[in-house]
Amino acid sequence: MELYLVDERETGGWDPALAEEWQMLFERLAYTCLEETGHLTVEPEISLVLTNDEKIRRLNPEYRNIDASTDVLSFSQADQTAEEPGYEDPLAGIVLGDVVISVETAERQAVEYGHSLERELGHLFVHGLLHLLGYDHQALADSEQMQATAETILGKCGLRRTDG
């Protein structure tokens, strides 16, 4: 598995020592997510983009028709058609997709929910990965299953809801 971590924030980025720690955390979360969902048989590439509210707000209306910022967006390569430029078959395990997180929103939510930024970013990343793997939360039962799976993954990585 290859995880490409891109911090595109103009300000508030991590120093190189912290960036390495965050890379390791996100890789551990991705591996655990693939293992927990039975997708460890593929060797996907995953991109994680850390951005700010303004940049994620520009993406949201284009892809979800919602003109507001959000906490996380997922862009699955499985949603592409073979006719699109840059298409790679996700079933071949080449490119799973992209997860984009607004760190500004994650910081606010961590305070609101009373847990660490690490826990909130981990939760958003796992949520995005689950979407890339086909999970959905449109129906209540699907939402509950997705949340339970996310909590299991986060717990295995030491990021339980009560962490602060």
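Axes here are lines fitted to C-alpha atoms, for helices over the stretch in contact, and angles run from 0 to 180 degrees between N-to-C directions. The model is predicted, so that local features need pLDDT of at least 70 and side-chain atom pairs count only at pLDDT 80 or more, while totals for chains, interfaces and linings use all residues. Residues are numbered from 1 along each chain as its sequence is written, and side-chain values use heavy atoms, with hydrogens and water left out.

**Exercise 1.** Describe how helix H3 and H4 pack.

*Solution.* Begin with the geometry: helix H3 (residues 103-113) and H4 pack at an angle of about 120°, with their axes 8 Å apart. H3 and H4 are therefore oblique to each other, given that angles under 35 degrees count as roughly parallel, over 145 as roughly antiparallel, 65 to 115 as roughly perpendicular and the rest as oblique. Next, list the contacts (heavy atoms within 4.5 Å): Val 103, Ala 106, Glu 107, Gln 109, Ala 110 and Tyr 113 in H3 meet Leu 117, Glu 120, Leu 121 and Leu 124 in H4. By class, this contact of H3 with H4 has 7 nonpolar, 1 polar and 2 charged residues, where Ala, Val, Leu, Ile, Met, Phe, Trp, Tyr, Cys and Pro count as nonpolar, Asp, Glu, Lys and Arg as charged, and the others, Gly among them, as polar.

**Exercise 2.** Describe the packing of helix H4 and helix H5.

*Solution.* Helix H4 (residues 117-132) and helix H5 (residues 140-156) have axes 10 Å apart and pack at an angle of about 130°, and H4 and H5 are therefore oblique to each other. Residues of H4, including Arg 119, Gly 122 and His 131, meet residues of H5, among them Met 146, Glu 151 and Leu 154. The contact of H4 with H5 divides by class into 6 nonpolar, 6 polar and 2 charged residues.

**Exercise 3.** State which element gives the largest share of the lining of the largest pocket, and how the lining residues divide by class.

*Solution.* The largest share, 5 residues, comes from E3. The residues of the lining of the largest pocket divide into 7 nonpolar, 8 polar and 5 charged.

Technical notes:
Helix = DSSP H or I, 4+ residues; strand = E, 2+ residues; numbered from the N terminus.
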